Amino acid sequence: AQLRCRRQRCLRRPPAARRSACRAAGRRSRRPRRMALSICAAFATGAAALSPAALPAPAAGRAAVCMQGGGAAAGIGGSGGPGLQWGGVENDPNFKTAKLSDKLKEADIERRLESEAIAAREEAVQRAREERARKVALLTQIPDDVKAGTVDDFMYKEGVKDILEKLDYDLIGLTPVKQRVREIASLLVVDKMRLKLGLETSVPSLHMGFTGAPGTGKTTVALRMGQILQRMGYCRTGHVVVATRDDLVGQYVGHTAPKTKEMVKKAMGGILLVDEAYYLYNAANDRDYGQESVEILLNVMENNKEDIIVVLAGYKDKMDAFYGFIPGMASRIGNHIEFPDYEDDELVEIGKVMCRELEYKLG
């Protein structure tokens, strides 16, 4: 009945309108068949691409196939429709096998490194035992009547005795200072003699603290100590770099660290003499930049003690207060030398020496 009514309405129309309606009905009847053919062609192409012969070899990266939008980029499907593109690795058995093999290789590497570390430790222990046995045998073979030598003999051979004589010539008086310098040199000599015999030795703390008034010979003693340490092999060059607060502390934020490190770099291999070191720390001002310089010096004194010797100089009472504010600094200073004031006769002798050097005669 519906077809009959539709046909009657079509026959009532004019011939031109009847032809346009027939063409529109034909297009509607052909559109589903054309879409079905396009979908079938897409699936056939996808099946051919997914065949084992057409698939490429699985790579280490993303090697599986997934459905994504924009199939035109993959060459499958129409514009804007779904397409086939290489994607995830969840469904690729070859990727899982490669991942397991990588894990096995990593486990083998870790096991080999651990075995090498254990072997190195055992070898180090064995070497230590052999070295100890060699030292014991060496000491046992030395006859009791054989003299190993005295400290003075070693000082003469190393040239330390000449430096001590120059110190006596340069400084008038200061007998306690000269005696303390000789004691430090003797301790280093004994350490060297033990090292030559193969005994266990430890490098003593060579950082020093000089206390006394200005003009009492602290810089001269530092120069001679640098020469002594250089002769005995405790420092490379033995030169002395004198620094004050102005050389170490900056005027604004971020300026102190470069200045301090620059002075430390200049003193590497020798002695860094910080004159009036108590001015580096100001207990009344928490924002003082000198605290950063002190921290850098503490770090250098601990980590580079075999390549630089730090000498802090100043008045005794102020240096004691400085050590009280910074306990870490006091624990790193191994040798304290106090420079007493000159007596009247010693000042007269100093005047005679100065006149003699200038070719004058004191009347």
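The model is a predicted one.

To start with the big picture, 13 helices and seven strands make up the secondary structure of the chain. The chain has 363 residues, and 29% of them are buried. Looking at contacts in the chain with a separation of 6 or more, 70% are between residues 24 or more positions apart.

Now for the inside. In soluble globular proteins, nonpolar side chains tend to be buried together. Here, the largest nonpolar core has 32 residues, and the ones touching the most other members are Val181, Phe210, Val221 and Ile228. The most comes from α6, which gives six residues. Take Val181: setting aside neighbours within four places in sequence, Val181 is in contact with Leu164, Leu167, Val221, Met225, Ile228 and Ile337. There is also a second, separate core of 28 residues, with Leu248, Leu280, Leu312 and Ile326 among them.

Finally, the helix pair. The axes of α5 and α7 come within 9 Å and cross at roughly 175°. Angles over 145 degrees count as roughly antiparallel, so that is how α5 runs relative to α7. On the α5 side, the residues that meet α7 are Val160, Ile163, Leu164, Lys166, Leu167 and Asp170. Their partners in α7 are Thr220, Val221, Arg224, Gln227, Ile228 and Arg231. By type, the residues of this contact split into six nonpolar, two polar and four charged.

Conventions:
Residues numbered from 1 in each chain as written. Predicted model: local features only at pLDDT ≥ 70, side-chain atom pairs only at ≥ 80, totals over all residues. Heavy atoms only, no water. Helix = DSSP H or I, 4+ residues; strand = E, 2+ residues; numbered from the N terminus. Buried < 20%, exposed > 50% of the residue type's maximum accessible area, 1.4 Å probe, protein only. Contact = heavy atoms within 4.5 Å. Core = buried A, V, L, I, M, F, W, Y, C linked by side-chain atoms within 4.5 Å. Axes fitted to C-alpha atoms, helices over the stretch in contact; angles between N-to-C directions. Parallel < 35°, antiparallel > 145°, perpendicular 65-115°, else oblique. Nonpolar A, V, L, I, M, F, W, Y, C, P; charged D, E, K, R; others polar.
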